[in-house]
Amino acid sequence: MASDSIALNLVDHGARPIGDRLHDWIVTVDHKKLGILYILYGLIFLVIGGIEALIMRIQLIVPHNHFVSPEVFNRMFTMHGTTMIFFVAMPILFGFGTYLIPLMIGTRDMAFPRLNAFSFWLTAFGGLLLYYSFIGGSGLYGAGEAPDVGWFAYAPLTARAFSPGHSTDFWTLGLLVSGFGSIGTAVNFITTILCMRCPGMTLGKMPLLAWLNLIMGGMVILAISPLTAAQTMLSIDRYLGGHFFDAQAGGSAVLWMHFFWIFGHPEVYILVVPAFAFASEIIPVFSRKPIFGYPVMVGATVGIGFISFSVWAHHMFTVGMSSYGNTFFTVTTMAIAVPTGIKIFNWVGTMWGGKLQLKAPMLFCIGFLFQFLIAGLTGIMLGASPFDWQLSNSYFVVAHFHYVIVGGILFTIFAAFYYWFPKMSGRMYSETLAKWHFWLFLIGFHLTFDFMHIPGMLGMPRRIYTYEPGRGWEIWNLIVTIGMFFQIAGVIAFAFNLLWSAFKGAPAGNDPWDAWTLEWSTTSPPQEYDFAKVPVVRSRRPLWDLKHPEDPDWKYDQ
Amino acid sequence: MKKSYRGKITGPVAGIFALPAAVLIAASTCLASIGPAIPNIFKPESTPADSIYRLSLLVLSVTGAIFVIVFSLIAYAVVKFRGRSADGPEPPQVYGSNQIETAWTVIPILTVLILFTATARVIHAIQDARKPAGAIEVTAIGHQFWWEFRYPALGVVTANELHVPVSDPAHPSPTFLTLMSADTDHSFWVPRLAGKTDLIPNRINKMWIDPHEVGVYVGQCAQYCGLQHAKMLLRVYVDSPEQFAQWIQQEKMPAQTTDAANEGRRIFETTACINCHTVSGTVADGRFGPDLTHLMSRETIASGAAPNTPENLKTWIQDPDAIKPGSLMPAMKLTDHDLDALTAYLETLR
């Protein structure tokens, strides 16, 4: 449990020229640097994806608006969805995992450091390849550059008959390349967590973050593979005369849907399980209590992992499956609400009887709990397949999944930023600015995504660049767009806070939150070797044991 | 110090409460003041939409109850257990409770079972409904970016505006739709009549409606089908049995044209128009675009994108992009004289 540094400090970073230091970042295999690279990369794409969303919302602020052409609008929703899932959410979540897992399980790096770097650069180049389409591609007739087939790229719109240029190929290859990166990272997570834990850390004594990332890693390997296969088949269709998805030649458009969604639905959980991991670390520390029902939390997540592979066709309730098919996917979809509900109850159980410290990380986690509850309930509505026949592909669905991804995942990502920022930078952020960020973003989020449900129930489909007046949609679209500006204001407060604090913040010290997991036992930021001495643990909360020798966790059979 | 801290926290918590309340109030006013033109899923006028509406009421009340309970728990925990200061002793360290875990596992499972049973009944009732003897059969074919409607038993072909008879519950005359696509995926969605069903190439899908009230019901394509997905609008005219019989009678007739329109007819039949459009009883038998035999019996053109007026027809022929950018109808670039003559001919197609 030593927090002292060891006399192995070979280089003095401050004295080296900037070119050398940049070179260090490019060739690094250090999990902390790669984690930060992942996170910064995701943040840059968050801004790009946000601008794309803003363009769409300005276009939809009034009916028959002419802010952008239909061509541009179609590119915007395709690129927004693809970017936010593959090049924002995944890199940021992988980045935190890469940074935190070795520190939290008491080891000095990932199992395969070079694979770690390779995976990051694959993801990075995948994103660049996708965005190169703005320069190098061309899409639907007259449509020009970037992909414009929707982020789930339904066949046969992706066939060369309908998408003759190269924009769809940029989409295919970009995701193919970054998909290999994701698989590499998943392999690394699993191996590191299974093989590199410090002495004393049995699986049952791992922090929940490690457990949940282990489960996420397994899901990535199972889910990305069908996506990779589908992208390969699509390329064969487009260039080698294949007919997998070519309906004119006897292929099946529905086959693509199955391939895409057997990836696509687990993908939602690939994103949300690491978000759960953040909440499971932050809520206990700011409630001053251990997580309630640790084994149940692990079991529920394993349950979610398994069930999430049996629900994919709930994205396809309207494609004309038999009543038995629809019934089956209704029951699996509703079943997944049970372990998810258990997790929410356990977080509330953790807060119950605690001493809540309402700092920024905790505020974002409370927002997450509240919003994820609503996202789950609208998910049950969509899982009831006849109700889905009305709601599917409407703005209700758009509101629902943004509730999951923004209200759930992004809120916990913000929580994670504030919680681990002192560890990564060695400095404290400004709590006042963080509170501004929280309230502005909360108000913006609810203005945008609460009211977005309503036009969906009034028959407004998604992916339309304009709409008819007089259908009762105008006022809701106006409110939704206004909400976006509050969100932007919140994100500006966030960006300014991190930038300013990274240079000017007060020194954080090793353990600013009086927390209990191993990353807080080492320096902030940690040395390259993470730990001077590899720690030995006897319970799930090694630092609690250290701080409370009179009442250590290991005395209790947990 | 303590007191002000407390006040500061309670305000925001009340704010969290106010937000969903405001949404609920806004939603209910919106749903109460709804006109017939609004394709509201909560104003069903046909059995499939009505069954879904009833199911949705059950789902909404169950999920609403869960929301109220869990939200209150979270809010209570935040308000009650917020720490006044980081100092002082740590709270009791509780690791879990098997009894509580069992309770909040079993109760959700029972809730899911109830919802699932109710849902399965509705799936079966809608999808496996028998076709009665008096049913009207329509084949709907999705095109980029318009709808083709064929009544095989009645010998009628039309576009974009579907006519069906009102269905009297005592003597039901529902309409059974066979859904197909000529190109990409589309989805048939008229919210007040039924949930949506996709039109997918190389696949045959089915759905049915039995509207209870005469009137016009609007909807639109609900599956992204390409550049002009947004203006692939859809109108369903529910006619009284007499009106419907009269409409069928009218639509079955070949095109009736007058001598005065002969010049326009000649232009139509000697330009590219006939490659894509049919006017029955003439040489025009293209199938790529809408059947124009009874064009003037329709209230809109360009799949609902514009009212069917002579002015709009002229604009549409000369520059379709002005109404619907990316439409597959080419700009015909006629002289003013030819355009007037052609429009005069089209206006005789009643």
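This is a predicted model: local features need pLDDT of at least 70, side-chain atom pairs count only at pLDDT 80 or more; totals for chains, interfaces and linings use all residues.
**View 1. Strand S10 of chain B and its two partners.** Start with S10(B), the strand that covers residues 233–239 of chain B. Five of its seven residues are buried, so the rest of the structure largely encloses this strand. Strand S4 of chain B (residues 161–165) pairs with S10(B) in the parallel sense, over five bridges. Look for B:Val164, which sits opposite B:Val238 in S10(B). Strand S9 of chain B (residues 215–220) runs antiparallel to S10(B), and six bridges join the two. Here, B:Gln220 faces B:Leu233 of S10(B).

**View 2. B:Gln228, in the loop between S9 and S10 of chain B.** Now follow chain B into the loop that links those strands, where you'll find B:Gln228. Is this residue buried or exposed? With 25 other C-beta atoms within 10 Å, B:Gln228 passes the cut-off of 20 or more, so B:Gln228 counts as buried. Setting aside neighbours within four places in sequence, B:Gln228 is in contact with B:Phe145, B:Lys324, B:Gly326 and B:Ser327, plus A:Pro70 from chain A. As for B:Asp340, that residue is 112 residues from B:Gln228 in sequence and 28 Å away in space, C-alpha to C-alpha.

**View 3. Where chain A touches chain B.** This contact takes in 85 residues from chain A and 81 residues from chain B. On the chain A side, the elements giving two or more residues include helix H3 (70–104), helix H7 (253–287) and helix H14 (431–457). Which element gives the most? That's H10(A), with nine residues. Sorted by class, the chain A side has 49 nonpolar, 29 polar and seven charged residues.

Definitions and conventions. Residues are numbered from 1 along each chain as its sequence is written. Chains are lettered from A and ligands numbered from 1 in the order in which they are written. A residue is buried if 20 or more other C-beta atoms lie within 10 Å of its own, exposed if 12 or fewer, and partly exposed in between; C-beta atoms are placed from the backbone. Helices (H or I, at least four residues) and strands (E, at least two) are DSSP runs, numbered from the N terminus. Two strands pair if DSSP finds at least two bridges between them. Two residues are in contact if their C-beta atoms, placed from the backbone, lie within 7 Å. Ala, Val, Leu, Ile, Met, Phe, Trp, Tyr, Cys and Pro count as nonpolar, Asp, Glu, Lys and Arg as charged, and the others, Gly among them, as polar.
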